[in-house]
Amino acid sequence: MTTITVLPAPRSSRYGLRQACRAEWAKLFSIRSTWWTLFVTVVGTLVVTALSTASAAHHQPGWYQGFDPTNQSMSGLAIGALAIGVLGALVFTSEYGSGTIRSSMAATPRRLEFLLAKLLVVGAVALAVGEVLTFSCFALGHAILGSSPVPSWSLTDPGVLRSVVGSGVTIGLLGLMGAAIGAAVRRTAGAMGIYVALLFLLPILLAKMPGNLVRFTPLIIIANSIAAVVRHTGFVSPVVGFVLLACYTVALILLGVVVVTRRDP
Amino acid sequence: MSSVISVNSLTKQFGNARAVSNLSFEVVPGVVTGFLGPNGSGKSTTMRMIMGLDTPTSGTALVNGKPYTELNWPLREVGALLDAKAFHPARTAYSHLRCLAYTNDVPLARVEQVLGIVGLTEVGTKRAGKFSLGMGQRLGIAGALLGDPGVLLFDEPVNGLDPEGIRWVRNLLRSLAAEGRSVFVSSHLISEMALTADRLVVIGRGALIADTTVRDFTALNGGDAVRVVTPDVESFVAAVRRAGGEVDLVPDDSVAVRGMTSAAVGELIARERLIVHELTPMRASLEDAFMELTRDAVEYRSGGSTGAALVGSGGEGEL
């Protein structure tokens with residue numbers, strides 16, 4: 001048995017983010033659960049959008065007073081929001097759960113770089129999926145509402161493109177939030193619990209409290225500030241909504257950074 | 001020879017428990033260094049600190065003169081098998097290695113090569129979750145060899161392997177060392193270390209007990225002896241003492257001579273015209289030496305006696 005071999009020397013002086021990202025990309029797409037999660041993200045969103053939008057079709061013209069067809073078309077995104085968070089969380093929790101984390105950190109021991117590579121890859125994938133999804137929702141909405149007397153809502157109308165592109169961006173941010181929670185919590189069940197609580201339970205809880213704090217919660221921001229073309233009172237503006245979501249994402253990522261760099265795997 | 005792993009005053013405290021205590025040793029190239037200690041003695045924690053996976057409470061562990069986390073191409077410098085299950089069960093063996101290869105710019109041809117070395121070529125496209133413990137160990141070893149590193153760490157590599165697999169690992173470790181690599185392998189199996197290692201770092205309860213060669217370790221602790229059965233014990237003992245040897249009286253009416261080779265004892269018997277019925281060179285087993293040394297350092301011990309006994313040099317057997 002011989003183990004002698006000659007490996008070609010690497011081109012750069014040390015491994016870096018490029019190598020780490022390439023590995024993370026390969027990791028993400030070499031397990032079946034990734035494809036399942038993405039399938040649920042896309043199909044789940046489109047099915048809910050289709051069902052919900054179908055019930056808004058074929059009404060009398062008077063019914064469409066103040067109707068926001070763009071927002072209506074994004075109604076399935078709650079499913080996508082849930083599924084993309086699962087995808088993000090699994091990027092970390094599946095490694096901690098299986099023990100892969102030890103071979104990963106032995107291969108790329110600088111932990112900040114390791115975390116950053118994972119976030120870059122899952123963030124890019126979630127963003128791309130999010131954009132494909134929101135444009136698909138937009139097209140699906142048009143197909144379903146086409147023969148109904150809805151107000152004009154082409155991409156060139158004010159606020160429509162912002163709503164479609166912006167909603168896609170939020171899917172990217174939610175993927176990052178899920179990943180950051182996964183990095184901080186390490187366990188799939190725990191990460192999912194926190195993610196679902198943040199997205200779905202917190203608004204229910206805050207809705208019963210005074211001060212209209214519910215308008216600051218992520219899913220309410222996405223549904224009523226970012227995905228909305230017709231503005232309603234009681235919700236933050238799209239710009240404020242984006243800034244808030246970005247702040248939440250950064251805060252969770254910082255938490256993940258602290259845990260990953262301080263706590264040994 | 002310059003050391004490639006240098007552990008200096010390494011200490012790891014988990015809450016109230018001190019897993020590793022002021023541990024210092026060196027690992028040098030070209031030999032297999034065995035890392036021996038009872039279960040729970042801090043071997044894995046030490047290895048994890050060398051790999052940068054656990055942060056030491058104090059002290060340092062350097063690989064090629066650097067902390068592991070500062071290595072430029074970690075997999076090309078150090079390969080490690082720390083955990084038989086350090087892979088995702090849903091990923092194929094090939095994919096697992098491919099992902100590792102990307103991190104250190106290792107060409108994918110090398111993935112095929114290491115799968116061949118560990119004998120997993122035919123199951124390379126099977127999901128690793130379906131692997132037996134032994135196949136998991138082989139996949140872990142493939143990962144360790146991936147970057148063709150000069151330093152290799154193996155934590156209990158023979159766990160879960162069948163006898164054929166155990167011999168394969170033993171030969172692999174020895175051939176890696178023969179190629180000039182530094183091989184650091186932990187085990188709680190003394191017999192395995194006796195066959196595999198050249199040098200020994202022995203720890204108990206996280207502290208260093210011995211840092212020596214396998215040969216010196218057995219010779220110093222318990223030592224070699226010559227067992228003699230004679231009808232005239234008194235004359236024999238007197239003769240040995242005159243010749244400068246030491247004598248232990250063994251309960252079965254034989255005499256154990258220390259400090260003399262069996263040849264010297266034979267010549268002494270002829271010179272002194274003594275009657276001897278039996279003369280057997282005895283080798284203290286590595287196990288005896290280990291038991292003797294770690295007697296106070298074993299964290300969890302069964303009730304039985306661990307008294308040292310001499311065994312015949314012919315009977316290598318299962319220790």
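A: Let's start with a term for helices: the expected span of a helix is 1.5 Å times one less than its number of residues. Helices (H or I, at least four residues) and strands (E, at least two) are DSSP runs, numbered from the N terminus. Please keep in mind that this is a predicted model, in which local features need pLDDT of at least 70, side-chain atom pairs count only at pLDDT 80 or more, and totals for chains, interfaces and linings use all residues. Residues are numbered from 1 along each chain as its sequence is written, while chains are lettered from A and ligands numbered from 1 in the order in which they are written.

Now to the sheet. Chain B has 11 helices and 15 strands, and six of its strands form an open sheet in the order β6-β7-β8-β3-β9-β10, with mixed pairing. Two strands count as a pair if DSSP finds at least two bridges between them. At the edges stand β6 (78–81) and β10 (207–213) of chain B, each with a single partner strand, so one side of each is left without a neighbour in the sheet. From one strand to the next, the twist averages 15 degrees.

Look next at β8(B). Six of its six residues are buried, where buried means that 20 or more other C-beta atoms lie within 10 Å of a residue's own, with C-beta atoms placed from the backbone (12 or fewer is exposed, and in between is partly exposed). Both faces are covered: B:S182, B:F184 and B:S186 are buried on one side, and B:V183, B:V185 and B:S187 on the other. β8(B) runs parallel to β3(B), joined by five bridges, and also parallel to β7(B), again with five bridges.

Moving along, β3 (residues 32–36) and β9 (residues 199–204) of chain B pair in the parallel sense over four bridges. Within this pairing, B:T33 has B:R199 as its bridge partner. Helix α1 (residues 43–50) of chain B packs on the sheet, touching β3, β7 (151–155), β8 (182–187) and β9 of chain B, and its direction makes about 150 degrees with that of β7(B). Helix α5 (residues 133–145) of chain B also packs on the sheet, where it touches β6 and β7 of chain B at about 170 degrees to the direction of β6(B). Such angles run from 0 to 180 degrees between N-to-C directions, with axes fitted to C-alpha atoms, for helices over the stretch in contact. Two residues are in contact if their C-beta atoms, placed from the backbone, lie within 7 Å.

Stepping back to the whole chain, 47% of the 319 residues of chain B count as buried. Its domain assignment, of an automatic or database kind, gives domain 1 (5–214) and domain 2 (224–283). Their centres, taken over C-alpha atoms, are 45 Å apart.

Chain A is the neighbour: 34 residues of chain A are in contact with 43 residues of chain B. Elements giving two or more residues to chain A's side are α1 (17–28), α2 (32–54), α4 (77–98) and α5 (100–107) of chain A.

Helix α10 (residues 238–262) of chain A has 25 residues and reaches 36 Å from its first C-alpha to its last, close to the 36 Å expected. Its buried residues, including A:L245 and A:Y248, pack against α6 (111–145), α7 (160–185) and α9 (218–226) of chain A.
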